[in-house]
Amino acid sequence: MSDNQIWVDADACPRTVKDILFRAAKRLELTVTLVANQSIPIPKSRFIKAVRVGSGFDVADNYIVQHATAGDLVITADIPLAAELVEMDCAVINPRGELYTADNIRERLNMRDFMDDLRSSGVDTGGPPALNQTDRRNFANQLDRLLMKLVAGKRP
């Protein structure tokens, strides 16, 4: 069994994704730590923890970067955080199940910056669509693939 764990950038993580993670933590006896700047309700389990950090820009992100180690799995939709974690050799997926890798993270950062520039110039880019059943299934499938590697003691 691996000593690696799962970290969750929990402030904006959908409830359905957290529920999938809670079930996986109990089933595989892996530690899942949710990090947020607000109280996050969690079920009673020795494998599920919540860390409440202070409010402020990137406080939760910084906590995850300071505590995650190579081989850990991190759940986040935050592209800059994902980029930093990929460089640390963490496996990173977003709540829709997209795996961020050294091969695709630069493209994701460029698109994020482009959209940010559009919004700054007054263009209404809208937000991401609501998480749907396909997204939840994609997340669960990607999570299962990565967890099997993690449990086997391999880097996801």
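Among contacts in the protein chain between residues at least 6 apart in sequence, what percentage join residues at least 24 apart? The value is 51%. Keep that in mind as you turn the model, which is a predicted one.

**Stop 1: the whole chain**

Show the protein chain as a cartoon. Count five helices and six strands. Now trace the chain along its sequence. The pattern reads β-α-β-β-α-β-α-β-β-α-α.

Switch to a surface view. The chain exposes about 8500 Å². Carbon and sulfur atoms supply 49% of that area. The chain has 156 residues, and 40% of them count as buried.

**Stop 2: two helices side by side**

Select residues 59-67, helix α2, and residues 79-87, helix α3. Their axes lie 10 Å apart. The angle between the helices is about 10 degrees. Angles under 35 degrees count as roughly parallel, and α2 and α3 are therefore roughly parallel to each other.

Next, show side chains where the helices touch. From α2, pick D61, I64 and V65. From α3, pick L81, E84 and L85. Sort this contact by class: four residues are nonpolar, two are charged and none is polar.

**Stop 3: the buried face of α2**

Stay on α2 and select A60, D61, I64 and V65. These four residues are buried. Look down the helix axis. The buried residues of α2 fall within an arc of 135 degrees, so they line one face of the helix.

What covers them? Colour β1 (6-9), β2 (32-36), β4 (73-75) and α3, which are among the elements covering the buried residues of α2.

**Stop 4**

Most residues other than glycine have a negative phi. Here are two with a positive value.

Select E29 first. Find E29 in the loop between α1 (15-28) and β2. The phi of E29 is near 55 degrees.

Move on to D89. This residue sits in the loop between α3 and β5 (91-93). The phi of D89 is near 70 degrees, again positive in a residue other than glycine. D89 counts as partly exposed, at 39% relative accessibility.

**Stop 5**

N141 is partly exposed, with a relative accessible area of 36%. N141 and G97 are 44 residues apart along the chain. What distance separates their C-alpha atoms? Draw the line: it spans 7.6 Å.

Conventions
Residues are numbered from 1 along each chain as its sequence is written. This is a predicted model: local features need pLDDT of at least 70, side-chain atom pairs count only at pLDDT 80 or more; totals for chains, interfaces and linings use all residues. Side-chain values use heavy atoms; hydrogens and water are left out. Buried means under 20% relative accessible area, exposed over 50%, partly exposed in between (1.4 Å probe, protein chains only). Contact means heavy atoms within 4.5 Å. Accessible areas come from the Shrake-Rupley method with a 1.4 Å probe; for residues, only the protein chains shown count as cover. Axes are lines fitted to C-alpha atoms, for helices over the stretch in contact, and angles run from 0 to 180 degrees between N-to-C directions. Angles under 35 degrees count as roughly parallel, over 145 as roughly antiparallel, 65 to 115 as roughly perpendicular and the rest as oblique. Ala, Val, Leu, Ile, Met, Phe, Trp, Tyr, Cys and Pro count as nonpolar, Asp, Glu, Lys and Arg as charged, and the others, Gly among them, as polar. The arc is that of the directions from the helix axis to the C-beta atoms.
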